[in-house]
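Please examine the sequence and the three-dimensional structure shown below. The explanation that follows leads through one part of the fold.

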Amino acid sequence: MKIVAVTSPTEYEIHLFHEGNLLKSYNLFGAHIQVIDNIKGTRFCVWAPNAREVRLVGNFNNWIGNGYSLEKVNNEGIWTGFFTDINEGDIYKYEIISTSGSVILKSDPYAFYSELRPNTASIVHDINKYHWKDDKWLKQKKSKSIENQPFMIYECHLGSWKLKDDGTLLSYKELVGQIVPYVKEHGFTHIEILPIVEHPLDKSWGYQGTGYFSATSRFGAPEDLMYFIDQCHQSDIGVILDWVPGHFCKDSHGLYMFDGGPTYDYQKEADRENRVWGTANFDLGKTEVQSFLISNAIFWVENYHIDGFRVDAVANMLYWPNQGDQLHKNEHAANFLQKLNNAISTFDPTVLMIAEDSTDWPKVTTPVKDGGLGFHYKWNMGWMNDMLSYMEATPYERVNMHNKVTFSLLYAFSERFVLPLSHDEVVHGKKSLLNKMPGDYWSKFAQLRLFYGYFISHPGKKLLFMGGEFGQFDEWKDLEELDWMLEEYDMHRGIRTYYKDLMKVYQKYKALYENDHHYSGFEWIDADNNEQNIFSFIRKGKNEQDFLVIVCNFSQTTYNDFKVGVPTETIYKEVINSDDVKYGGSGQINKKPIKVVNDSFHGRPYHVTMTIPSFGMSILRPVKKRGEIKKNGTKKVCSDVISRG
């Protein structure tokens, strides 16, 4: 095969790549269909610094690389070539001859499309064919700050949300007609998709990738995923990708020891090998790896209109094990994350960066210019662990675990948090959220409804893994679809109705979302009632008139005529009660407006008397009446309106 032209990268491109600042390196590397000197062909470019020779093999040359050698551009190992007989749809790999003489077959790290597993070759593909129709979504994103908006994420594994009747996977296009209206109906604002970069093993859920620029072909072509995201946007649903820049799988065709030596991975074996997951760690201090990973994030935003990233395993990046099992800070990772977040913010400031971080690393959500890592949000793993351990305990044990609930409010405003109820908590023998709840059948559902009410009311944005909205009873089965047949049962239908109503309340009342990240948005009424396992508090919006009173009873006792201190002298109405019969409850709710008593309680000038159901949660709103009402000892005239938060 004759190379009719060689299009070398410019010196500037080479400089930026090796410097770690070629932030759209996918425009240079990989396979690109081009016309050069009026001749159409495909240009290839790859970084293989430890290679002695690089050749192309594929269906176009019977997998024999003779005559298909790439030219080495510089001593740092960039190789390129232009071939007229390689066209869109052709499959290929790089045949790399290492300095030791061994022959290695590798998929293209920058491939835009890959073969369906178990095949592993890359596919030549034009990524720029799709015509987007989400201009309205992109425009409105720029005018809103998610910090002051409802933000409820539906975490989803596309391979097990729902399957075809024969058990095979739904395509991206087939998923659109089912999951998009479903997510919309249930009040979620965003879908978070578990990693969909190309990966060899279904059981890895995409967390062990090989093709970082390839949307997995399990569900269709790249344009099919673009259509999926486009339809989400047209339905006012954002799309967040679970993204793994810390480590990658060690399958022979992937990034591991790419050219016979450590290329994307660390030089030292102790740093390179991630023995917990059987993967290899990215060398985050290597500038070429920085160009690769930051470009990858920008690629998903530019070409797939992704709205944000949940960055996986940040703790594993920030700290690495050294001698004697001690953890040491990885400054390379911290510097990389700062550089990543700055680059994404510069490219598109609307893109959300969310850290899955379980460490006490300071200032994770502080801007880089102020010494932080620069994320917008951090998962509140402490809240999740404390609350799940509290919920799994019996009511009698909870008496001595009161601080599990209150502790999170000591640090709730130190970072901007997302409260995660994620896939990690309902798999590998951990049981589903519903089955974590102690007690009999009815009590499990009652406590899950109560827990969801507290979840929605606690400061912070929210994430729920699929199936939780209808009370999946079994833990997540990653190779089967969700147990949709449960919706035939009253209690599961009830909890689904409850969750939808809870989402309507969440989106309606500003007090539940507008002031999530500031101490002025939350105030305890009574945080000390461990004997009765009851917590009461106030959520407040930016306007002091926008507030709600929340009461949560984590005991199995129903309390009638229960006194709760309130801040204003007005009538209160119950917005939602988890014990309503339509949700599967016993009906111990407060149907009538609750009159205020001009008598101090809980350190408040007034109080109300209400019913607190067993394992129940109630949200009250103030009703402002025409006439004079007292507030903080003064008289104020209000119009006849209902506070909507």
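Of the 17 residues of α13, 15 are buried, so the helix is largely enclosed by the rest of the structure. Buried denotes under 20% relative accessible area, exposed over 50% and partly exposed in between (1.4 Å probe, protein chains only). Helices (H or I, at least four residues) and strands (E, at least two) are DSSP runs, numbered from the N terminus. The model is predicted: local features require pLDDT of at least 70 and side-chain atom pairs count only at pLDDT 80 or more, whereas totals for chains, interfaces and linings use all residues. Residues are numbered from 1 along each chain as its sequence is written, and side-chain values use heavy atoms, with hydrogens and water left out.

Helix α13 covers residues 441–457; at 1.5 Å a residue it should span 24 Å, and its end C-alpha atoms lie 25 Å apart, which agrees. The expected span is 1.5 Å times one less than the number of residues.

Strand β23 (residues 461–465) has five of its five residues buried, so it too is largely enclosed by the rest of the structure. Lys 461, Leu 463 and Phe 465 point one way from β23, while Lys 462 and Leu 464 point the other way.

Strands pair if DSSP finds at least two bridges between them. Strand β9 (residues 152–156) runs parallel to β23, joined by four bridges, and Ile 153 stands opposite Leu 463. Strand β22 (residues 417–421) also pairs with β23 in the parallel sense over four bridges, with Leu 419 partnered by Lys 462.

Ser 422 lies in the loop between β22 and α12 (433–436). Ser 422 counts as buried because its relative accessibility is 2%. Leaving aside residues up to four places away in sequence, Ser 422 touches Glu 155, Trp 379, Leu 463 and Phe 465, where contact means heavy atoms within 4.5 Å.
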